[in-house]
Each structure stands twice: as C-alpha cells, then as structure tokens.
Amino acid sequence: MASFKSEFLHTLSERGFIHQISDETGLDDLLSKEVVTAYIGFDPTASSLHAGSLIQIMMLHWLQKTGHRAISLMGGGTGMVGDPSFKEESRQLMTIDTIESNIASIKRSFASYLNYGDGPKDALMINNADWLRSINYLEFLRDVGRHFSVNRMLSFDSVKTRLDREQSLSFLEFNYMILQAYDFVELAKRYDCRMQMGGSDQWGNIVNGIDLGHRMGTKQLYALTSPLLTTSSGAKMGKSATGAIWLNADMLSAYDFWQYWRNTEDADVGRFLKLYTTLPMDEIARLEKLGGSEINEVKKLLATEVTAILHGRAAADQSAETARKVFEEGAIDANLPTVEIAASELSGGTGLLSLFVAAGLAASNGEARRHIQGGAVRVNDTSVNDEKRIIGTGDLNVEGVIKLSLGKKKHVLVKPI
C-alpha cells in the first residue's frame with residue numbers, strides 16, 4: 001500500500017478505494033497544500049442511483065470530510081447521448097423532461113452523504129446540461145474535436161469491447177467520450193476543478209479529459225479511479241435476486257436496504273466495512289478478527305452503519321429491531337415491507353402465486369411455483385407446498401394482515417384496503 005502524506009489519499013488507500021492515479025506524487029502534493037475541487041459524474045438513467053454507485057459517493061464523502069470540495073456532476077447533457085462504456089448495446093435515449101425528473105429525485109439521496117452549500121468546502125451538484133445543451137456544433141468541432149485522435153479512441157477498452165464483439169457503436173455514443181473530456185475542462189475553468197474520480201472502467205475517458213485540458217490551457221489535471229467491485233461470489237454490487245438495491249426510500253425501503261447488507265458474504269464483511277461505513281480503521285480491524293457465529297453480529301453492524309448514513313440512525317436501528325423480532329422471536333412486525341391489495345380480491349380469493357408476484361417476492365408465477373416446490377414459501381409462518389393454494393380473508397391474522405415469507409430472510413405483509 002502506497003504511503004501518502006495527504007489525509008484524503010491516505011484514507012482512500014487504507015480503505016481500499018484506489019485502483020489507479022495519474023500522478024500520485026503531484027496529486028498528493030496538491031492535496032497536502034490546498035483545498036482541491038474534484039468531481040465524479042453520474043448518469044441520470046433512473047430516478048434513483050443504486051448501491052453500485054455507493055463506492056463513488058463514498059469517495060466524494062471522504063473528499064469533503066478531509067477538507068476538500070466535492071462536485072457531483074449530473075449528466076443531464078450526456079444523458080441525452082448515453083455512455084457506451086462496457087455496455088453490450090446502446091442505451092435507450094431519454095427525453096429532457098425524464099432526465100430532469102430523474103436528477104431531482106437522485107438529489108435526495110446524495111444529501112445523506114454530502115453537505116451542499118455556497119461555502120468554500122461545501123459540495124456542489126452541477127448539471128453538465130448547463131454548457132452542453134448550448135454548444136454550437138461547428139465551433140465545438142473546431143475548438144475541441146480537433147484535439148482528438150480517432151485511432152487513440154478506438155484503442156480504449158470501453159470501445160474495443162463493443163467492436164471486438166462486432167456490436168454496433170453509433171457515432172452518437174462515440175461522441176460521449178469527447179463530451180466527458182470536455183466536462184472536465186469546463187469544470188476546471190468554471191470551478192477550478194483539478195481531479196476527476198470514477199470507476200476503473202472510466203480511466204480512458206478521464207485521461208482523455210486530462211489530455212484535452214492540457215491542450216486547451218487548463219492547470220494540470222488529475223485522475224483517480226476505484227476498483228470495479230463484485231462480491232466474493234462474483235455478483236455485481238447493487239443487484240440482488242429481486243432487482244436493484246435502490247438508494248431512494250420510495251423505491252426500496254430502509255428495511256430491505258438493511259437486509260441487503262445483512263446478507264453480505266462472510267468473505268466480504270471486512271472489505272465492505274472499510275468501503276461503505278465511516279467506522280474507524282482500528283475498530284474495523286477488531287471486527288475483522290471475529291469469526292464463527294460472531295460474524296453474523298458483524299454483518300448486522302455493517303447493515304446498520306450503512307443504512308444509518310443513507311436513511312438516518314433511527315431508520316437503521318428500527319430495521320435492525322424489525323429483523324430481530326422477525327428472525328429471533330418469529331413475531332410479525334408492522335415495520336416489515338407492506339403491500340396493499342383491494343379487500344375485494346381477498347374476499348373472492350386470490351392465488352398464492354399471483355400474490356407472491358404482487359408482493360415482489362417473485363418475478364413471475366413460474367418463479368413463485370419453483371419456490372413453493374422447493375419448500376421455501378410460508379404463509380403466516382406455516383410452510384405451503386400447494387402451488388394452487390388460494391389466499392382469502394380467512395388467512396388474515398389478528399393484526400389484519402397476511403405474512404408472506406420466502407426462505408428465512410424475506411418477508412412481506414399483505415394488507416387489504
């Protein structure tokens with residue numbers, strides 16, 4: 001592990017955030033001497049980011065925590081084009097209204113990690129549409145496009161991957177890396193931004209921006225990338241069997257978010273404590289030494305700490321308590337995820353398969369059927385093996401709800417309205 005004198009790089013290094021740096025000594029010196037502004041770009045392709053973006057968000061958090069200025073750049077302009085990086089096919093293009101709506105929604109979760117404001121060290125949320133939508137194409141070609149070599153662009157992994165698979169790469173997407181490089185230059189000129197951070201798949205795009213800045217007269221710019229994370233079993237971060245682990249509470253409850261981290265694989269616990277919590281390193285070192293049944297208590301701590309940053313300490317503690325009641329006492333807790341269905345559906349009787357799908361515990365009737373055949377389904381804590389089972393008002397418990405369970409860790413309450 002490299003030795004850094006700046007608090008920011010030292011923190012990132014010991015916590016496992018660093019994959020590559022364009023000029024370690026130069027950047028370390030700069031961070032040691034002055035307040036540095038740095039940014040990470042985020043695509044507003046949905047109304048919420050998911051847990052796969054958390055490593056980037058935490059990098060911005062530590063940047064601000066160690067005395068520097070963080071910019072979360074929203075791709076309101078580049079989102080109209082689409083990032084081709086390592087994608088197997090081009091993205092569906094979004095309307096401006098959809099992009100603006102997504103950005104407004106994404107802002108809500110960012111505020112849990114960064115302090116935004118007008119002070120010298122307050123974070124900024126900026127939309128690259130501010131400069132990209134007003135570009136004059138001929139002037140852009142003359143002033144910016146002339147600095148790019150197509151030969152070099154074709155050598156980038158993000159492009160080569162698509163071409164090697166003989167998949168179409170449109171001219172529209174090919175321009176994305178030029179626009180991203182131009183973002184870096186605009187931020188350098190407007191906000192004295194000196195560094196761009198991102199995942200390791202963005203290295204070529206970031207270095208492009210450094211090179212363009214050099215050609216267009218900015219100060220020396222820097223790149224810092226993080227490793228692309230998967231779980232120990234190879235699963236992609238931010239995804240679960242039932243879908244994306246969204247950061248916005250209206251798309252995924254605090255309890256379900258807590259459960260995702262509680263289900264962390266044993267081999268990942270120490271790494272995730274470093275990356276996704278703000279616990280001191282000596283405390284993490286102590287926790288990493290625990291094994292056996294104690295590892296489950298560490299997983300609960302991990303889940304609570306990660307959830308507390310995003311949803312607040314009260315919601316995190318409530319999630320932990322709900323889980324304790326459900327798993328340790330077998331009780332029904334009102335804070336479990338709840339889906340509402342029309343009372344008329346229950347009075348007439350509804351199939352268990354379709355109810356499982358409506359509750360989000362299965363993606364299809366076929367998947368629900370397989371769960372039943374595998375013995376993983378329970379209704380009000382009683383195992384069910386009849387895939388034709390009809391659920392009605394007679395299944396309501398004393399609290400007036402029906403508890404559906406998949407395995408030991410997934411529970412949903414069905415409430416008639």
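Which residues of strand 3 are buried on one side and which on the other? R69, I71 and L73 lie on one side and A70, S72 and M74 on the other, and all are buried, so that both faces of strand 3 are covered. Buried here means under 20% relative accessible area, exposed over 50%, and partly exposed in between (1.4 Å probe, protein chains only).

1. Basis of the note. The model is predicted: local features need pLDDT of at least 70 and side-chain atom pairs count only at pLDDT 80 or more, while totals for chains, interfaces and linings use all residues. Residues are numbered from 1 along each chain as its sequence is written, and side-chain values use heavy atoms, with hydrogens and water left out. Helices (H or I, at least four residues) and strands (E, at least two) are DSSP runs, numbered from the N terminus.

2. An open sheet is formed by 6 strands in the order 1-6-5-2-3-4, with mixed pairing. Its edge strands are strand 1 (20-21) and strand 4 (124-127), each of which pairs on one side only. Two strands are taken to pair if DSSP finds at least two bridges between them. Strands of a sheet pair through backbone hydrogen bonds, either parallel or antiparallel.

3. Strand 3 pairs with strand 2 in the parallel sense over 6 bridges, and Y39 has I71 of strand 3 as its bridge partner. S72 belongs to strand 3 and has a relative accessible area of 0%. Not counting residues up to four places away in sequence, S72 touches I40, F42, L60, F110, Y116, L124, M125 and I126. Contact means heavy atoms within 4.5 Å.

4. Strands 5 and 6, with helix 3. Strand 5 (residues 193-199) and strand 6 (residues 222-226) are paired in the parallel sense over 5 bridges. Within this pair, Y222 of strand 6 is the bridge partner of M195. Helix 3 (residues 54-65) packs on the sheet and touches strand 2 (37-42), strand 3 (69-74), strand 5 and strand 6. The direction of helix 3 makes about 160° with that of strand 2. Axes are lines fitted to C-alpha atoms, for helices over the stretch in contact, and angles run from 0 to 180 degrees between N-to-C directions.

5. Helix 2 and L27. G26, L27, D28, L30 and L31 are the buried residues listed for helix 2, and the buried residues of this helix pack against helix 1 (7-15), strand 1, strand 5 and strand 6. L27 sits in helix 2 (residues 24-33), with a relative accessible area of 0%. Leaving aside neighbours within four places in sequence, L27 is in contact with L9, I21, M195, Y222 and L224. L27 and R194 are 167 residues apart in sequence, yet their C-alpha atoms are 9.1 Å apart in space.

6. Helices 10 and 11. The axes of helix 10 (residues 176-191) and helix 11 (residues 203-215) come within 8 Å and cross at roughly 55°. Helix 10 is therefore oblique to helix 11; angles under 35 degrees count as roughly parallel, over 145 as roughly antiparallel, 65 to 115 as roughly perpendicular and the rest as oblique. The crossing is right-handed, meaning that the near helix is turned clockwise from the far one by less than a right angle. On the helix 10 side the contact involves M177, Q180, A181, Y182, F184 and V185, which meet N205, I206, N208, G209, I210, L212 and G213 of helix 11. These residues divide into 8 nonpolar, 5 polar and no charged. Ala, Val, Leu, Ile, Met, Phe, Trp, Tyr, Cys and Pro count as nonpolar, Asp, Glu, Lys and Arg as charged, and the others, Gly among them, as polar.

7. D192. D192 lies in the loop between helix 10 and strand 5. Its phi is near 55°, a positive value in a residue other than glycine. D192 is partly exposed, with a relative accessible area of 32%.

8. Strand 9 runs parallel to strand 15 (residues 410-416), joined by 4 bridges, and T338 stands opposite L413.
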